[in-house]
Amino acid sequence: MASEKLAINGGKPAITEAARRTLKPWPIPDEKTAERLKQVYMSGNWSFNGPREQEFSRKFADYCGSRHGIFMANGTVTLQSALHALGVKAGDEVIVPGNTWIATAMAACYLGARPVIVDVEPDTLCLDPEQTRDAITSKTRAIIPVHLFGSIADMDRFMAISRETGIPVIEDAAHAQGGVWKGRGVGSIGKIGSFSFQQSKTLSSGEGGICLTDDDEIADKLYRIKHIGYGSGQRQGQAASGPAPGLVCHNFRGLEFTAVILTEGLRRLKAQTARRDANARYLAGLLKDVPGISLQARGRRANVQSYYMLTVLVDPKALKPDVTLQDIKTALAAEGLHCGSGYGPDYRHMLWNLPRRAFRIHSSAMVEETSNRRMLTL
Ligand SMILES: Cc1ncc(COP(=O)(O)O)c(C=O)c1O
């Protein structure tokens, strides 16, 4: 039974030390994976489209319902490669939400293109389709909705815009491994889906990423872009065919080690996602009548939502004038619950050093409002 008195005022913390000890750290290591890693190490076959990379790429693409999976070093180069494979180049515009990790926008800059910042929906906090439509110009070459914190951007409306305009959609699904939208795996709906498997992600190998696509030609381009020009299935030192003239290729290869960690993690993903989803629904039920707070909305047509974070929005009007969001965080920390503040607008991030002419802000009122002033992420 929780203490009536808040811990910050001297009451007993709601999350006791004993309860805290039952929590597992993330990611969760296990002996079977450790054994498989040792086998990879002893095999001396550590990279270059080895059998574990092929196994994981196939299994993850199948899991999400996509024809091709192209495994890479991280979820930043997957975005860059996706834009590159779609022919994005200097002078083009790429629409991105203003409330995301900066990599979504930076991916456009690596190709000399201009990210165009568009606002997010007030409920899902994902890219707003109507404002996206308004932001389209003759230079727009791609749209990147982000399934923020596991909520799912409105893929029906983005795909309708794509059909009308011919502009391809890249899903940035870095936060949404295992999510399902109207029966389809997240990341398999747009022209290309991009995932990150960085340390904190719900499917993680420390670093790693993958692009998904149903399009054979784009799959071939993605593969060559990440593999210094080699085609899929070609052995090291034995290129059977070269990349198309002018297609600049990189070394964005992933490792056999990370592929093994991910294949093992993938076995658990379905059950873990279902559990997170059920827990989030339970908590949402408990919090629904608490005045002044609301949860980030689930994807409107989500069958399964893969929660990367649980995001709570605090209505500043419901707070006493002298109470700040930081005060709430401090009080929650005293109860044993440490939470973050989500993302601020990407163009205000400390690491965002683009000159003003290198990006365009189309709309950002909601992004500004939800940023640090009223967002808590658990
Ligand atoms: C929304 C989003 N997109 C892209 C990335 C980039 O992924 P990575 O860190 O694997 O490069 C991240 C990383 O956290 C992210 O949160």
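Helix axes are lines fitted to C-alpha atoms over the stretch in contact, and the angle between two axes runs from 0 to 180 degrees between N-to-C directions. The structure described here is a predicted model.

In this model, helix α2 (residues 31–43) packs against helix α9 (residues 256–287) at an angle of about 155 degrees, and the two axes lie 10 Å apart. Because angles over 145 degrees count as roughly antiparallel, α2 is roughly antiparallel to α9. The crossing of this pair is right-handed. On the side of α2, the contact is made by Lys32, Thr33, Arg36, Leu37 and Val40, while α9 contributes Glu256, Phe257, Val260, Ile261 and Glu264. Sorted by class, the contact between α2 and α9 holds five nonpolar residues, one polar residue and four charged residues.

The crossing of α4 and α8 is right-handed. In the contact, Ser81, His84 and Ala85 of α4 meet Ile218, Lys221, Leu222, Ile225 and Lys226 of α8. Four of the residues in the contact of α4 with α8 are nonpolar, two are polar and two are charged.

Strand pairing was also examined. Strands of a sheet pair through backbone hydrogen bonds, in either a parallel or an antiparallel arrangement. In the model, three strands form an open sheet in the order β7-β6-β11, and their pairing is antiparallel. The edges of this sheet are β7 (184–185) and β11 (302–304), each of which pairs on one side only. Strand β6 (residues 180–181) is joined to β11 in the antiparallel sense by two bridges. Within this pairing, Trp181 has Ala302 of β11 as its bridge partner.

The ligand is surrounded by 14 residues, and the closest of them are Gly75, Thr76, Trp101, Ala174 and Ser196. By class, the shell around the ligand comprises four nonpolar residues, nine polar residues and one charged residue.

Methods: Residues numbered from 1 in each chain as written. Predicted model: local features only at pLDDT ≥ 70, side-chain atom pairs only at ≥ 80, totals over all residues. Pairing = 2+ DSSP bridges. Helix = DSSP H or I, 4+ residues; strand = E, 2+ residues; numbered from the N terminus. Parallel < 35°, antiparallel > 145°, perpendicular 65-115°, else oblique. Left-handed = near helix turned anticlockwise from the far one by under 90°. Contact = placed C-beta atoms within 7 Å. Nonpolar A, V, L, I, M, F, W, Y, C, P; charged D, E, K, R; others polar. Near = placed C-beta within 6 Å.
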